[in-house]
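Hi,

Here is the structure I promised you. Have a look first, and my notes follow below.

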Amino acid sequence: MTHTFDAIIIGAGIMGCSTAFQLAQRGLKVAVLEKSQIGAGGTGKSSAIIRQHYSNKLTARMALYSLRVFQNFEETVGGESGFIQTGFIALVAAKDHAGLEANVALQQSVGIKAEIISPEALQEIMPGLKTKDLVAAAWEPESGYADPYLTVTSFAQAARREGARIFQNTRVTAVRMAGGKVMGVNAGSERFDAPIVINTTGAWGAQVAKLAGVEAPIHACRVQVAFYRRPKGHEAAHPVVADFINAIYFRDETGALTLAGLIDPSEAEAVIDPDDYSEQLDSEFVLEAGERLVTRYPAMEQSQSAGGYASFYAITPDWHPIVDEVPAESGFFMCSGFSGHGFKLGPAVGHMMADLVTRESEPLFDHHLFRYSRFAEDDLVRGQYEYSIVG
Ligand SMILES: Cc1cc2nc3c(=O)[nH]c(=O)nc-3n(C[C@H](O)[C@H](O)[C@H](O)COP(=O)(O)OP(=O)(O)OC[C@H]3O[C@@H](n4cnc5c(N)ncnc54)[C@H](O)[C@@H]3O)c2cc1C
């Protein structure tokens, strides 16, 4: 059977569903093809931290735009995202203090509510945090975290309301091209025709790009997240903390839990096949993350381990995505490789993709920074002041 659409989106994670919503809103007849279920990839297991601490103007603007969507989700998308405003704290070593100030100034310049605060002020915001080794911290009162599964299903519902169709359990097995132009895709024996095909398959991004003859430097790397039950007297929700000194991030989770993960570029070396890897949490990770957590938040010495899981990031050489038409004028679009920080940008990415695909002359977000050719040009995305993977 052949189905005909204006645009086919491969992959129903946050990027696919947000893009589908935006394109359908603009009147395009859209299909999303998902090999398993909505949110089954990296999105469903995301820590879903929504912070705006970025070291590039574009990503900072995208984070701010997206935050406004999360804050007004019911009106802008419909349904729920589970966004909880807890505030966000970034901690860096004294040697990176100038960089922290410069980044906060950059964030302020695009309208983000962020400030540098003293260790004493930090103590007031989050009593119990160890601040002795700090000169200052960055504070974003408006940030927090969302529920990634709720968010992606709400985007999918919103896309459907606008007329998009979502085909689950539908794995794309071929991308059909003729004369350098995309004609559609096959999912087993089913044919889907469209002059526009968008690859939002995250960690499968390279695999799917290959179907269109495109080599994309994206690989899946295994990452873990552990939960710790906070001890008595510490049940109240706490802000999100990105501690670049101890290379750990942690945030509140329902049920007086703290969710923790590492900020570790070497995670990129744990290359896996996203269809065949261990989703079980390693006991070494529980100890390692626990130790780093206690170093910054000593009360957690009395916490109890409460499980966790492994998932994967879709990593590119600079930890930024490929958002581009490849090759130019082919109708095949890449939108994959958001590494460990894509969730919070999802609403803005949908807008960016819709502008790109409809060839908007004045796009809200210029995709140039994320162009495919930057790897061959050796012009990777780097913030001026990066302590680690800030983006
Ligand atoms: C543990 C963890 C913690 C994270 N924490 C944060 C955070 O705190 N803040 C933040 O902003 N970001 C975070 N991220 C990153 C963020 O979650 C991802 O960048 C984002 O969710 C990626 O979304 P996506 O739509 O690109 O990919 P995915 O969600 O992986 O979606 C891709 C989809 O494509 C489908 N697919 C693949 N191949 C095919 C095919 N051939 N045919 C059809 N469908 C196919 C897959 O089944 C999948 O559903 C985290 C990620 C993880 C794993």
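The protein comes to nine helices and 21 strands (DSSP runs numbered from the N terminus: helices are H or I with at least four residues, strands are E with at least two). Keep in mind that this is a predicted model, where local features need pLDDT of at least 70, side-chain atom pairs count only at pLDDT 80 or more, and totals for chains, interfaces and linings use all residues. Residues are numbered from 1 along each chain as its sequence is written.

On overall shape, the C-alpha trace spans about 65 × 40 × 40 Å along its principal axes. Of the 391 residues, 51% are buried (20 or more other C-beta atoms within 10 Å of the residue's own, with C-beta atoms placed from the backbone).

Now for a pair of helices. The axes of α2 (residues 57-71) and α9 (residues 346-357) come within 7 Å and cross at roughly 110° (axes are lines fitted to C-alpha atoms over the stretch in contact, and angles run from 0 to 180 degrees between N-to-C directions). That makes α2 and α9 roughly perpendicular, a label for angles of 65 to 115 degrees. Met62, Tyr65, Ser66 and Val69 in α2 meet Gly346, Pro347 and Ala348 in α9 (contact is C-beta atoms, placed from the backbone, within 7 Å).

Then there is the ligand. Around the ligand sit 41 residues (C-beta atom, placed from the backbone, within 6 Å), and Gly11, Gly13, Gly41, Gly202 and Gly342 come nearest. Elements giving two or more residues to this shell are α1 (14-25), β15 (219-229) and β19 (304-315).

Cheers

How values were computed
Buried ≥ 20, exposed ≤ 12 C-beta atoms within 10 Å, placed from the backbone. Parallel < 35°, antiparallel > 145°, perpendicular 65-115°, else oblique. Contact = placed C-beta atoms within 7 Å.
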